[in-house]
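Dear colleague,

Please find the structure below, handed over for your reference.

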Amino acid sequence: MIGSQFLLLFVQLVELLWWSTAIQLNPSRFPRDFLFGTATSAYQVEGAWNVSGKGESIWDHLTHNYPSLIRDQSNGDVACNSYYKMEEDLKILKDLGVDFYRFSISWTRLLPTGYSTYINKDGFQYYNKLLDLLKKNDIKAMVTIYHWDLPQSLQEYGGWTNSSIIDVYVEYARVVFELFGDRVHTWITFNEPFQICVEGYGVAAKAPAWNDSGISDYICGYNLLRAHAKAFHLYNNTYRRVQKAKIGITVQAPWAEPATSSEGDVQAANRLMQFYFGWFTHPIYKGDYPETMKSHIAFRSALEGYNSSRLPQFTSEEIEYIKGTSDFFGLNHYTSIMAAELPSDMPVVPGTSIANDINLTYYYDESWPSDTNWLKVVPWGLEKLLLFIKEEYDNPDIYITENGYADQGTLNDNTRLTYYRDYLNATLNAMAQGASVKVYTAWTLMDNFEWMAGYTEKFGIVHVDYESENRTRTYKRSAYFMKHVFKKRRITGFRNRSGKLKTGDGPEAFSVSE
Ligand code: GBH
């Protein structure tokens with residue numbers, strides 16, 4: 001009798017031990033305080049481009065005046081019509097079970113002239129109501145202050161290439177802190193500075209579509225970093241004590257894999273990442289631009305006959321002012337690329353451009369799956385990138401503020417579903433090796449206006465019917481999968497013990513072939 005009780009106790013103890021190690025080692029579960037959400041941006045979803053006094057943005061201007069620059073000549077005039085569908089979208093967010101929703105404020109909806117001298121009542125009411133509804137539904141708000149839709153009025157005198165924009169931006173930031181800060185959990189000052197500056201002012205791949213590579217893009221970066229730092233300090237000094245939000249910047253970072261293990265290729269891959277995001281994160285986390293960026297631009301500038309580097313220099317006061325101005329490392333990640341050095345006997349390529357400054361070649365590995373010409377599925381790239389950020393920037397908290405997959409919009413989106421599963425798994429792997437990832441955001445809540453690609457590339461976990469006036473929303477398989485992830489905080493476990501597919505949460509979601 002006593003013997004069998006001991007045996008039972010022993011078995012229970014062993015079982016307990018097994019479970020505790022199993023839970024610790026289980027790489028498929030996210031910590032309790034980890035936050036999950038989905039993201040959108042104003043111009044990509046809102047529509048209502050000119051209602052109730054909204055001013056013109058550079059995206060309104062570009063799509064209306066140069067429609068041929070957009071792959072399907074479309075625009076964001078209506079987009080998902082989210083301006084009129086707030087309640088419906090809130091229901092979806094609630095049903096998906098997100099911890100937070102990331103959205104951006106349209107500068108010209110709130111301040112039609114670009115300046116803080118006049119606040120548009122309608123714009124105030126729209127974001128005010130959105131924040132109230134999120135709060136009522138217990139969904140935290142992650143708000144992007146600037147997601148690319150600059151007031152056209154400010155572009156008229158040079159936009160981000162004119163340093164007087166710094167104070168205009170900071171006044172806009174002051175208005176949003178003042179009006180909305182009591183309900184915001186996380187502020188993002190800028191979404192993707194490289195894309196704003198290089199694609200906007202260097203290579204004409206985003207509004208305002210300037211072609212001034214190697215000059216205006218660097219000037220833009222210089223102004224943007226100072227605007228970011230000034231907005232951070234404003235928040236820090238005036239609002240943080242009461243409002244208690246986190247504030248930071250979000251960069252877009254690919255993982256660059258060296259083509260071979262040669263010193264030259266390893267350096268090329270590193271250089272690519274330093275130019276793509278170190279440009280912004282090095283000044284913020286370590287002070288000043290990355291060394292390789294400074295030396296490469298100085299070298300090319302001299303070669304091209306400029307009497308100083310085209311990269312604007314920070315004063316030592318500015319270096320100190322910018323350093324430390326982010327509470328987290330905001331990361332948008334989609335894909336990886338291969339990088340290699342150029343052959344040493346290659347003749348010098350003439351002309352001023354950021355490409356000539358970076359001085360390398362890159363390509364996609366043919367084995368990487370894809371439904372578009374750029375977004376290749378490479379989950380291990382995210383794992384390596386997260387560990388690179390951990391090492392390079394002294395283990396900052398990392399907020400993944402965008403991650404997602406593009407296809408042509410099928411409901412049966414198994415590739416997107418497995419992309420999410422495998423990138424989340426890569427995130428867990430990096431976390432198991434010490435990367436401090438705290439937040440994961442799926443880009444995007446619903447199919448929307450994909451900038452120069454118009455409506456030809458779809459990123460939504462929710463499908464939007466662009467044939468219907470109602471812009472009907474329908475869950476894709478990936479939405480059911482993400483709902484499972486948001487609720488259970490793990491990427492496995494959607495089969496029952498006997499291996500059968502579980503039903504109840506939308507069985508389609510769980511029919512991925514493994
Ligand atoms: C982010 O940009 C944006 O924050 C978001 O608004 C956007 O919807 C999302 O990601 C998806 O793209 O066709 O070969 O010329 C990502 C940066 C830069 C990625 C342009 C795609 C086009 C490659 N994007 N790039 S190509």
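Helices here (H or I, at least four residues) and strands (E, at least two) are DSSP runs, numbered from the N terminus.

Two notes on the basis of what follows. The model is predicted, so that local features need pLDDT of at least 70 and side-chain atom pairs count only at pLDDT 80 or more, while totals for chains, interfaces and linings use all residues. Residues are numbered from 1 along each chain as its sequence is written, and side-chain values use heavy atoms, with hydrogens and water left out.

The chain as a whole

The protein chain holds 17 helices and 13 strands. For 514 residues, a compact globule would have a radius of gyration near 24 Å, and the 24 Å of the protein chain agrees with that. This radius is taken over C-alpha atoms, and the globule rule is 2.2 Å times the number of residues to the power 0.38. Along its principal axes, the C-alpha trace spans about 95 × 60 × 45 Å.

Of the 514 residues, 59% are buried. Buried means under 20% relative accessible area, exposed over 50%, and partly exposed in between (1.4 Å probe, protein chains only). The chain exposes about 21400 Å², of which carbon and sulfur atoms supply 53%; accessible areas come from the Shrake-Rupley method with a 1.4 Å probe, and for residues only the protein chains shown count as cover. Among contacts (heavy atoms within 4.5 Å) between residues at least 6 apart in sequence, 77% join residues at least 24 apart.

Helix 9

Helix 9 is largely enclosed by the rest of the structure, because ten of its ten residues are buried. Among them are F194, I196, C197, V198 and Y201. The buried residues of helix 9 pack against helix 7 (152-155), strand 4 (186-191), helix 10, strand 5 (246-252), helix 11 (263-285) and helix 14 (354-358).

Strand 2 (residues 100-104) and strand 3 pair in the parallel sense over five bridges; two strands pair if DSSP finds at least two bridges between them. The bridge partner of Y101 in strand 3 is A141. Strand 3 (residues 140-144) is also largely enclosed by the rest of the structure, since four of its five residues are buried. Three bridges join strand 3 to strand 4, and these two strands run parallel. In strand 4, T186 stands opposite M142.

S104 belongs to strand 2 and, at 1% relative accessibility, counts as buried. The side chain of S104 reaches the backbone nitrogen of A42 at 2.8 Å, which is a polar contact (a pair of N or O atoms within 3.5 Å; within protein, one must be able to donate a hydrogen and the other to accept it, and residues adjacent in sequence count only if both atoms are side-chain atoms). Leaving aside neighbours within four places in sequence, S104 is in contact with residues including T40, A42, Y127 and H147.

Strand 10 (residues 398-402) is mostly covered, with five of its five residues buried. Strand 10 pairs with strand 7 (residues 329-332) in the parallel sense over four bridges, and I400 in strand 10 is the bridge partner of L331. Strand 10 is also joined to strand 11 (residues 437-443) by three bridges, the two running parallel; here the bridge partner of Y399 is V439. Strand 10, helix 16 (residues 414-432) and strand 11 make a right-handed β-α-β unit. A crossover is right-handed if, with the strands pointing away from the viewer, the path from the first strand over the helix to the second runs clockwise.

Backbone exceptions

Most residues other than glycine have a negative phi, and most peptide bonds are trans. Q73, in the loop between helix 3 (58-65) and helix 4 (86-96), has a positive phi near 55°. N81 lies in the loop between helix 3 and helix 4 and has a positive phi of about 60°; at 16% relative accessibility, N81 counts as buried.

Two peptide bonds are cis. The bond from A207 to P208 has omega near 5°, and P208 lies in the loop between helix 9 (193-202) and helix 10 (216-243). The bond from W443 to T444 has omega near 15°, and T444 lies in the loop between strand 11 and strand 12 (462-464).

With kind regards
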